[in-house]
Amino acid sequence: MQSIKIGLLGFGTVGRGAYNVLRRNQQEITRRAGRGIEVAAIAVRSAERARATVGDEVPVVTDPSQVISRDDIDIVVELIGGYEPARTLVLEAINRGKHVVTANKAMLAKHGNEIFEAARARGVMVAFEAAVAGGIPIIKALREGLTANRIEWIAGIINGTSNFILSEMRARGLPFAAVLAEAQRLGYAEADPTFDIEGIDAAHKLALLSAIAFGVPINIDAAYTEGIAKLAAEDIRYAEQLGYRIKLLGITKRTATGIELRVHPTLVPIQRLLANVEGAMNAVLVKGDAVGVTLYYGKGAGAEPTASAVVADLVDVTRMHTADPENHVPHLAFQPDHMAELPWLPIDQTVTSYYFRMRVADQPGVLADITRILADGHISIDALFQREPSEGENQTDIIMLTHDAVERDVDAAVRRIEQLPTVLAPVIRIREEELG
Ligand code: NDP
Ligand code: HSE
């Protein structure tokens with residue numbers, strides 16, 4: 001049978017990775033897909049670098065529409081990134097009846113509902129395994145392997161760059177900026193690295209996971225997002241003393257009152273596997289009512305790990321290429337006419353436990369004032385210690401862990417604590433998850 005022809009839009013870290021994996025594993029891939037998968041055209045911004053890699057073997061152009069409009073191309077692989085022109089190009093490909101493979105979580109988090117509806121109407125597939133957790137087949141696991149389950153929650157390390165930064169800061173004492181530069185050099189970071197360090201990239205991925213897990217439309221606007229840029233090295237140290245690691249987690253949970261969708265630094269008990277996921281590795285925990293908790297672990301970023309997911313999608317689409325559209329796996333796991341409209345829970349209604357660090361005057365009565373305010377707010381203390389002040393120092397840090405509390409009550413208590421004259425700086429607080 002003739003090879004299926006694909007057009008690559010973008011030939012950067014992931015585009016090159018996909019090209020190399022397709023070439024290197026050509027035979028194995030053909031045996032799996034039932035036919036060869038051939039890169040028939042590449043579009044980039046400036047052609048020289050791509051031409052230096054592919055030579056005369058593949059035409060390289062600078063106008064993506066020249067790739068999309070070719071009748072012999074069956075699958076368009078969007079690896080440009082960002083919202084535009086990616087969205088317009090993907091919609092153009094769908095309108096021309098092409099299947100699409102993409103790694104672009106930003107585009108899908110914002111425009112996924114529109115893109116999947118267009119694909120459904122045209123009877124083509126949009127595959128996006130690489131958009132969440134790089135090489136880990138988490139979309140396939142949720143969409144196919146776990147379909148028997150009512151998913152209860154997902155918690156994951158889904159941004160390799162920020163996990164790499166947190167790991168290097170903790171283990172090697174390296175400064176934030178130096179580690180970020182290294183992540184950029186290694187090709188982990190987004191074109192705009194604030195997406196990584198401010199939790200936005202993780203929120204994009206979480207919004208996709210949440211939709212697939214609960215059968216709801218993608219809603220990035222419902223996500224609460226807090227990154228790692230303001231984390232202090234001393235909190236990483238104190239957390240360690242208390243038996244916790246700080247990880248940037250994406251958490252989505254089905255509760256009685258709505259769906260939680262939140263990304264923030266989180267204290268995780270050291271004995272949990274998730275606390276020991278280091279470097280650019282990703283890991284996702286999924287709790288299903290039948291299977292219990294399952295864990296998916298692997299490289300979350302980088303050229304070939306991400307290419308692994310892109311090529312897996314290419315094989316899937318090739319296998320299904322001639323199938324009737326009604327036999328395609330639904331993009332968001334649930335049949336489009338069976339999607340639910342569940343409420344989204346605002347962050348101030350979230351219930352979780354907390355780590356607090358308070359810089360206070362080292363004098364009698366300070367702790368009593370603080371604990372009284374916490375008790376008034378129904379916030380119960382689980383553990384507490386005070387840093388030994390250095391000689392001559394008249395201030396210190398109080399570090400405490402709380403039991404579960406409603407975020408709204410915590411906000412009110414923290415506001416009152418910060419008004420005490422003996423509390424000398426804004427209270428640092430980090431949410432905690434036991435993940436039991
Ligand atoms: P890069 O920045 O390395 O590559 C982007 C490519 O797109 C470049 O080849 C660039 O061309 C090309 N490009 C940019 N704008 C245009 C345009 N208007 N027309 C044609 N080509 C264009 O990005 P990555 O490979 O890192 O990322 C690609 C996608 O994969 C993104 O959506 C990213 O979020 C996602 N992703 C990335 C991962 C990673 O580890 N890097 C992991 C998982 C997902 P030129 O070469 O000429 O500049
Ligand atoms: N910038 C992303 C990360 C790439 O660091 O996880 C993978 O999606």
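Space inside and between the domains

Modeller: The largest cavity holds about 60 Å³ of space. A search of the whole structure turns up 1 cavity of 30 Å³ or more. Bear in mind that this is a predicted model, where local features need pLDDT of at least 70 and side-chain atom pairs pLDDT 80 or more, while totals for chains, interfaces and linings use all residues. Residues count from 1 along each chain as its sequence is written, chains are lettered from A and ligands numbered from 1 in the order written, and side-chain values use heavy atoms, without hydrogens or water.

On a 1 Å grid over the protein atoms alone, a cavity is a set of points where a 1.4 Å probe fits but cannot get out; a pocket is an open set with protein on both sides within 12 Å along at least five of seven lines, and lining residues have an atom within 4 Å of a point. Volume is the space filled by probe spheres on points joined across faces, edges and corners.

Who lines the cavity? Leu166, Ser167, Arg170, Ile236, Arg245, Ile246, Lys247 and Glu278 do. Helix 8 and strand 9 (244-255) each put in at least two of the lining residues (helices, H or I, at least four residues, and strands, E, at least two, are DSSP runs numbered from the N terminus). By class, the cavity lining has 3 nonpolar, 1 polar and 4 charged residues (Ala, Val, Leu, Ile, Met, Phe, Trp, Tyr, Cys and Pro are nonpolar, Asp, Glu, Lys and Arg charged, the others, Gly among them, polar).

Now for the open spaces, where the domains come in. There's domain 1 (4-135 + 303-338), domain 2 (138-299) and domain 3 (349-432), with bounds from an automatic or database assignment. The C-alpha centres of domain 1 and domain 3 sit 51 Å apart.

The largest pocket has about 1,200 Å³ of space. Its lining takes in 49 residues, with Gly12, Leu79, Ile80, Gly81 and Ala191 nearest the centre. Two or more lining residues come from each of helix 1 (13-24), helix 3 (47-54), helix 6 (105-122), helix 8 (160-172), helix 10 (194-197) and helix 11 (200-214). Helix 1 gives the largest share, 4 residues. Sorted by class, that lining is 19 nonpolar, 19 polar and 11 charged. And where does the largest pocket lie? Domain 1 and domain 2 both give residues to its lining, so the largest pocket lies between them.

The second largest pocket has about 590 Å³ of space. Its lining runs to 27 residues, and Lys140, Ala312, Asp313, Val315 and Asp316 lie nearest the centre. Helix 2 (26-33), strand 6 (126-127), helix 7 (138-145) and helix 13 (303-320) are the elements giving two or more residues here. Helix 13 has the largest share, at 10 residues.
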